[in-house]
Amino acid sequence: MKTLKEIIYIITISVVLGLLVNMFHPRAAALSWERPSPIMNENDGMELGNSPEIIPIEAFKDLIAKDNILIIDARLPEEFSAGHIPGAINVSFDLLGEHIQKILQESRDRILVTYCDGPPCDKSVVLATELKSLEFTTVYVYYDGLANWLENGNPLNREQQ
Amino acid sequence: MNKWILLGIRLVLAAVFIYAGIGKILDPAGFTADIENYRLLPYFLSALTAVVLPWIEVICGILLITGKWISGASLIIIILNIVFIFAITSAILRGLDINCGCFSLSKEGSSVSIIRIAEDILFLGFAMAIFFSNRKSNL
């Protein structure tokens, strides 16, 4: 009984302290039922103009139809090999340095669209933000990602890059 | 068990939990993302866990050092380590290659792996030794 009381005290103190500190924390967790949008806003200290735009599957497919698009898979190479959106290239965020020269040379005037698994994966957003900062002007994020792509009955490619 | 060994175990476990807790307290948003990556909890519970859990770790660590409420603190650590072992094992079994979120202070995030499970089993053993020897001395 004494142990149970101690546990209740410890948890109560932790909840109070945690919630209080989170109210004033610069890196506070957003306590909401819905996950906040991953796009940076002014409060994150990022310039709004530098945020990549998130697009839904319909807009993504319109872009694919225009043929001037470079689809970038932001997941790990082994995940890419297991299946990816047809036509995509793999630029795992960790490998950005190795791949960037190739992309820079070939794709300056193309529309870049990044994706990963879909929420909560944010590698696509991180990669797109990085590409924007490298002065690629047209960068979109297909944030709903692979999960949404498959839900809509679309195919995957399995060949290596 | 030798009381000096027990004291040593208590201090080591306390240091580990305070270190782990402070790292997460510094970045609740980052820790929320780490928990979400496990895909075990809905968003709200992930965020709430990220806000509260680090404080539980730190407070339990401080209690282990001061010698107050040892029974409650060590039982919480036992339960937490069982949960951690379950979460990491399930992430590995589902093939998730994610940051473990164990020690957010580490500069390089440590991925979920067998080593993380081994660590948690060791801490679980430490906490059980403290809990049961404390009960015995109170009887």
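What follows is a chat about the fold of chain A in a predicted model and about its contact with chain B.

Me: What should I know about this model before I start?
Reply: It is a predicted model, where local features need pLDDT of at least 70 and side-chain atom pairs count only at pLDDT 80 or more, while totals for chains, interfaces and linings use all residues. Residues are numbered from 1 along each chain as its sequence is written, and chains are lettered from A and ligands numbered from 1 in the order in which they are written.

Me: OK. How many helices and strands are in chain A?
Reply: Chain A has six helices and five strands. Helices (H or I, at least four residues) and strands (E, at least two) are DSSP runs, numbered from the N terminus.

Me: And in what order do the elements run?
Reply: From the N terminus on, the order is α-β-α-β-α-β-α-β-α-β-α.

Me: What share of chain A is buried?
Reply: Of its 161 residues, 27% count as buried. A residue is buried if 20 or more other C-beta atoms lie within 10 Å of its own, exposed if 12 or fewer, and partly exposed in between, with C-beta atoms placed from the backbone.

Me: What about contacts between residues 24 or more positions apart?
Reply: They account for 65% of the contacts in chain A with a separation of 6 or more. Two residues are in contact if their C-beta atoms, placed from the backbone, lie within 7 Å.

Me: Now the sheet. What is the strand order?
Reply: The order in chain A is 1-5-4-2-3, in an open sheet of five strands with parallel pairing. Two strands pair if DSSP finds at least two bridges between them.

Me: Which strands stand at the edges?
Reply: Strand 1 (53–54) and strand 3 (89–90) of chain A do. Each has a single partner strand, so one side of each is left without a neighbour in the sheet.

Me: How many bridges join strand 2 to strand 4 of chain A?
Reply: Five bridges join strand 2 (residues 69–73) to strand 4 (residues 111–115), and the two run parallel. Asp73(A) has Tyr115(A) as its bridge partner in strand 4, and Ile72(A) has Thr114(A) there.

Me: Which residue does Thr114(A) have as bridge partner in strand 5?
Reply: Val141(A) is that partner. Strand 4 and strand 5 of chain A run parallel and are joined by three bridges.

Me: Is strand 4 of chain A mostly covered or mostly uncovered?
Reply: Strand 4 is mostly covered, with four of its five residues buried.

Me: What does helix 5 of chain A touch on the sheet?
Reply: Helix 5 (residues 123–133) packs on the sheet and touches strand 2, strand 4 and strand 5 (139–141) of chain A. Its direction makes about 170° with that of strand 5. Axes are lines fitted to C-alpha atoms, for helices over the stretch in contact, and angles run from 0 to 180 degrees between N-to-C directions.

Me: Which residues of helix 5 are buried?
Reply: Lys123(A), Ser124(A), Val125(A), Leu127(A), Ala128(A), Thr129(A) and Leu131(A) are buried. The buried residues of helix 5 pack against strand 2, strand 4, strand 5 and helix 6 (145–151) of chain A.

Me: Why does Val126(A) count as partly exposed?
Reply: Because Val126(A) has 18 C-beta neighbours inside 10 Å. This residue is in helix 5 of chain A.

Me: At what angle do helix 1 of chain A and helix 4 of chain B pack?
Reply: Helix 1 (residues 2–24) of chain A and helix 4 (residues 70–93) of chain B pack at about 70°, with their axes 8 Å apart. They are therefore roughly perpendicular to each other. Angles under 35 degrees count as roughly parallel, over 145 as roughly antiparallel, 65 to 115 as roughly perpendicular and the rest as oblique.

Me: And helix 1 of chain A with helix 3 of chain B?
Reply: These pack at an angle of about 125°, with their axes 8 Å apart. That makes helix 1 of chain A oblique to helix 3 of chain B.

Me: How do the residues of that contact divide by class?
Reply: The contact of helix 1 of chain A with helix 3 of chain B has 12 nonpolar, three polar and no charged residues. Ala, Val, Leu, Ile, Met, Phe, Trp, Tyr, Cys and Pro count as nonpolar, Asp, Glu, Lys and Arg as charged, and the others, Gly among them, as polar.
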